[in-house]
Amino acid sequence: MKRLAFIFLVAVSCKTAHVSLQQDFATSAESYEVQGKNGWQVNQVIKFGPYETSKIDRSMTFSYHVPFLVDFSGGKESLAFNIVNKEAGAGVNFLGDSRLKDNHLSLAKGYFQIPLKQKDVFAGAIYFSQPGLQRFDFLLLNPNNQQLTAKCQGVVLGEKGDEYFTIKGITKLQGSKIPQTQVFGYEFLQGDKVVGAVETLNKGRVWFDTSLSERDRLLLSSLATGLLVRNNLQEEVENL
């Protein structure tokens, strides 16, 4: 199996690799190439379609409580930014933290089956700028698929703890039926339906189901951006 995986990766490295998405979603969804993902990260700004972030702040240290899921303070990799739709004028604020301590996950064990030593975690909050719109919280376990005993899975919750989106890691590339050990992107689902996706390979790409409301697009735009700019993605994946 290792030999087959090695041969496949060598083959796809000769051309630009892309994630494998559900065919019906891939053909009907709106798709935007990302600008600003690679290169110098000082004053980094991410753009795709009508969406644009402020400068990404990686220096924040904060304490946070995700209702029903997790408490944490001062994880190793913190992110903060706001993202706006330049055409609609709407925006959201994003706070994210990763690589938490074991005891931060005590609350989450009622929601996920979490190995006791699970530390590869990405969690935080998304606040809408407009008055009257709610805050959403997210938790993604094993985002880099480094823990073989755990799936790359996550959830986005509303203020009352209701499940709004689920998150699944994408481990397949176009042209292959064999899943890899690395996560190349993430799907966002409502129920069993894929409504959005982000590819973390190369420059990056974001997809939206055409039926999504602008609020949900902003929500997924901020989450996709957070996943794109996390620092601990494997360097070899960036070079595929």
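Predicted model: local features only at pLDDT ≥ 70, side-chain atom pairs only at ≥ 80, totals over all residues.
Colleague: With which residue does glutamate 52 form a salt bridge, and how far apart are the closest N and O atoms?

Modeller: The general idea is that side chains of opposite charge can pair when their charged atoms come close. Here the partner of glutamate 52 is lysine 86, with 3.4 Å between the closest N and O atoms. Glutamate 52 belongs to strand β3 (residues 51-53), whereas lysine 86 sits in the loop between β6 (77-85) and β7 (91-98), so the pair ties together parts that are 34 residues apart in sequence.

Colleague: How many salt bridges does the structure hold, and which residue meets arginine 205 in one of them?

Modeller: There are six salt bridges in the structure, and in one of them the side chain of arginine 205 meets that of glutamate 33 at 3.7 Å, taken from N to O. Because arginine 205 lies in strand β14 (residues 205-208) and glutamate 33 in strand β1 (residues 30-33), this pair ties together parts that are 172 residues apart in sequence. Arginine 205 is partly exposed at 23% relative accessible area, and glutamate 33, at 41% relative accessibility, also counts as partly exposed.

Colleague: Is aspartate 137, by contrast, buried or exposed?

Modeller: Aspartate 137 has 1% relative accessibility and therefore counts as buried; its salt bridge is with arginine 135, the closest N and O atoms lying 3.3 Å apart. The strand β9 (residues 135-141) is mostly covered, with six of its seven residues buried.

Colleague: Which strands pair with β9?

Modeller: Strand β8 (residues 121-128) pairs with β9 in the antiparallel sense over seven bridges, and strand β10 (residues 153-157) pairs with β9, again in the antiparallel sense, over five bridges.

Colleague: What is the phi of asparagine 43, and what is that of asparagine 202?

Modeller: Most residues other than glycine have a negative phi. Asparagine 43, however, has a positive phi of about 60° and is placed in the loop between β1 and β2 (47-48). Asparagine 202 likewise has a positive phi, near 50°; this residue lies in the loop between β13 (193-199) and β14, and at 16% relative accessibility it counts as buried.

How values were computed. Residues numbered from 1 in each chain as written. Heavy atoms only, no water. Buried < 20%, exposed > 50% of the residue type's maximum accessible area, 1.4 Å probe, protein only. Helix = DSSP H or I, 4+ residues; strand = E, 2+ residues; numbered from the N terminus. Pairing = 2+ DSSP bridges. Salt bridge = Lys/Arg side-chain N within 4 Å of Asp/Glu carboxyl O.
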